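The sequence and the structure are shown first, and the description follows.

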Amino acid sequence: MSASLLDAGAAAIAAAVHADASVADQVVATALERVRSTHEGAQGLNAVLHRARAEALTGALPDGALRGVPVVVKDNIATLELPTSCGSRMLEGWVSPYEATVVRKLREAGAVVVGKTNMDEFAMGSSTENSAYGPTRNPVDRSRAPGGSSGGSAAAVAAAIAPIGLGSETGGSVRQPAAFCGVVGVKPTYGRVSRFGLVAFASSLDAVGVFGRTVDDAAIATETISGHDVHDATSSDRGVPTMRGAPGSLDGLVVGIPREYFPDSLHPDVRARCDRALDALRSLGAVVREVSLPHTALAIPVYYIIAPAEASANLARFDGVRYGLRAESDSLRGLYDGTRARGFGPEVTRRILLGTYVLSAGFYDAYYRKAQDVRALIARDFDAVFSSGVDVLFTPTTPTPAFALGAISDPYEMYLSDIFTVTANLAGIPAMSLPIGRVDGLPVGGQLLAGHFQEPQMFRVAYALEDALGAEAHR
Amino acid sequence: MAVTPDDVRHVAQLARLEIPEAELAMYVDQLNGILAHMEELRAVGGAGAAAQAESTREGMRLRPDTVGAVPLAVPLESFAAAMRDGFFLVPRLATHEAGEES
């Protein structure tokens, strides 16, 4: 009973637990068993780094929207009982002395954290291959990358370990792995969800995001973790609207298709799945209109100046003094340098070097100030489109389906896999990916983007599109 | 504006990163490869756009200038590498006189 219930989705689990509290024990036990079984063997997923102990989990759960629902949490979001190691040797085994607001909100809604998930070290990567604890495999095809940096949560949700997972985004680290693993991934508006307890990468871009196997699971989770938090000065004090809904007509709704997201180089089968999704939107009554976001091509260069610059400052705190790894030395300088050399992997080192370089004397104006100006132009592009009557934008989430593990060694080529997702982080707008079909058996994601704080509009389209595509979304 | 080995040594020193000499050439090549793509930003206008965006949006929001302690579930000593009397312990700065730990 509990095995099929775990597959049924968050709302069904919460309803069943509400009717019979003992069901929670069975569902959580099944989730923990799936953590174990999916980890086994040479082709194990390696999605969950820290598994919760069953005896510590259920008991008197709050009677909220997620009562008894197992959730997984990315390893850079602070939890009290399980380590928060950020996929890094720097924080190996480190347990946070406080809890992230998003985790507290999930627990207060009755959710049960069953594990912390693998990720690219300090969220820097697009494949989860940069984890100090080995790569995660894509459950759809275990020779493929699950995407990243939140690849562990995406894989865990796709493998039905839990219906809901938390991830984090700086440039697409929820939506890209959601697309690669065939699940739903949501990045809320910057400020909609508290970042308190999310280990900082690039503070002006970072956002906690949500994975769900269905739009409904993702909507419930996003609504649950949203809202103002006194511990995060950038969190908005706007009220949290209802995001959960149901499939319905899209009569009169205007869907924009930005031509820059459909270049000639786009994988033809990805384009075909997008065309099918757009046909579905038209059949629901939506008006589809081509639009332009002219500064799109500059998003990757802008992102890879701003994000490493902010990271170089944020990661300065990992120096061996207060917590985490310490490389003993007889000098203070030796302690700093040795700790950071041993604690950080190559991608993190590369980005700290890059960020320090673009912020250094003589280069600040040429790189960092310039990137901030172009970031404003990118945000202005979105403002212009949304103020012209477009309600949501539709694009592919990624240019290609999941690539093979080990296939990409050039850093910049890897960065390009985020080309359709970084713009939403730079502009601070909400965006999500949902499955729209498969190519050679590999999932393809369609991306919806909306104006600031327009999550309800975005979910309205997502519910309708998911329903209209039906089983086609996974074929 | 090509990155040189000395540039990498310099930023590594600024960032408190120990880069082995054997890895220096790799980072020089990779940073040059990445920064080459950044050059296309030079052709774009938009000077002052960031400052203008800040002034036309809601602007920087300030919170009350008060200290709000984060309640910790465990004491600092439970995760600090080394502590004594409420202070984090580190090796002496090289410029200080040799002696016992500070």
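A residue counts as buried if 20 or more other C-beta atoms lie within 10 Å of its own, as exposed if 12 or fewer do, and as partly exposed in between, with C-beta atoms placed from the backbone. Helices are DSSP runs of H or I with at least four residues, strands are runs of E with at least two, and both are numbered from the N terminus.

The model is predicted: local features need pLDDT of at least 70, side-chain atom pairs count only at pLDDT 80 or more, and totals for chains, interfaces and linings use all residues. Residues are numbered from 1 along each chain as its sequence is written, while chains are lettered from A and ligands numbered from 1 in the order in which they are written.

Helix α5 of chain A, residues 151–158, is mostly covered, with eight of its eight residues buried. Among them are A:Gly151, A:Ser153 and A:Val157. Just after α5(A), A:Ala160 has a positive phi of about 65 degrees.

## The side of chain A that touches chain B

Contact requires C-beta atoms, placed from the backbone, to lie within 7 Å. In these terms, 50 residues of chain A are in contact with 41 residues of chain B. The elements of chain A giving two or more residues to this side include α9 (299–314) and α12 (364–386). The most comes from α12(A), with 10 residues.

## An exposed residue in chain B

B:Asp6 lies in helix α1 of chain B, residues 5–14. B:Asp6 counts as exposed because it has 10 C-beta neighbours inside 10 Å.

Definitions and conventions: Contact = placed C-beta atoms within 7 Å.
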